[in-house]
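Have the coordinates open as you read.

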Amino acid sequence: MPGSQARCRTRDRNNVLNRPEFLSLNQPPRREQMAGEGRAGGGPRRAAFRQQSQDSEGSSATDGGAKEASRWPEQDCMQLNPSFRGIAINSLLAIDISLSKRLGMCVRPHGPGAPLRSMVTLLALSGHALPWLCGTLICLWRSNTLAGQEVLVNLLLALILDLMTVAGMQKLVKRRGPWDLPPGFLDYIAMDIYSFPAAHASRAVMVSKFLLNHLVLAVPLRILLYLWAFLVGVSRVLLGKHHLSDVGCGFALGFLHFNLMESVWLDSATCQTLISIGTMRWTLLI
């Protein structure tokens, strides 16, 4: 036993790591010592503290996410894994908005389309509901033939149908124009407040089809009537009031209104009854 102890002491002396400059290599780091002491002494307390801090961080993150989601509108939130249909619709809407803004050359008085602004405004005014309603009523009041009164009464009903249908759809969709311009006084009168569908385009197509079907016109006049309906829709895009998709849907809606009025066409006797009721009310008021 004494010999073995002497041998161990000799080995310790001859070991290089036992020198003073290498003693730090044989000792564990202080962090590990403190961690070991913590595990031995205050381990359960630290584990409980860590669990509480993690729970508080998770609850605060959840509350913050809920507040952010409630603060931002739904259309500004990013949708994960969108479908192909959603991507296609969003892409088409983005193209529609971009092209409509680029075509709005007559929006500003000093824009690139300033020289054409007055003519484009007059062209858009020709498709407004107020001139057509007033003109139809004046022609009906001055008409003396049964055939003319029949056509004018059906035209008046078609204008009222178009006005109410477009106003209801605009109120339901509530889509703003590409430049988000405030509606004017005449727009409030015709209930043409929102962008989708385009009321001027719908009215222009319906009136042009109605006149082409019930009036005998020469070929140049028929071409001019088609061109007028198309330019009325384009003028609303140039003025920044509607998107291209709004005008396209307005054209389709006007064609549907024309077909609907042709299917429920009122005959001459019914038209005379309506005229007599209307004139009787006016005579009672007078």
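## A buried aspartate and its partner

D187 has a relative accessible area of 9%, so this residue is buried (under 20%; over 50% is exposed and anything in between partly exposed, with a 1.4 Å probe and protein chains only). The model is predicted: local features need pLDDT of at least 70, side-chain atom pairs count only at pLDDT 80 or more, and totals for chains, interfaces and linings use all residues. Residues are numbered from 1 along each chain as its sequence is written, and side-chain values use heavy atoms, leaving out hydrogens and water.

D187 forms a salt bridge with K241, with 3.9 Å between the closest N and O atoms; the term means a side-chain nitrogen of Lys or Arg within 4 Å of a carboxyl oxygen of Asp or Glu. D187 sits in helix α9 and K241 in the loop between α11 (219-238) and α12 (244-263), so the bridge ties together parts 54 residues apart in sequence. Helices here are DSSP runs (H or I, at least four residues), numbered from the N terminus. K241 is partly exposed, at 23%.

## Other salt bridges

The whole structure holds five salt bridges. One of them joins D96 and R175 at 3.2 Å, N to O. D96 belongs to helix α5 (residues 84-103), while R175 lies 79 residues away in the loop between α8 (146-173) and α9 (185-189). D96 is buried at 8% relative accessibility, and R175 is buried at 18%.

Another salt bridge pairs D192 with R236, their closest N and O atoms 3.5 Å apart. Both residues are buried.

Methods:
Helix = DSSP H or I, 4+ residues; strand = E, 2+ residues; numbered from the N terminus.
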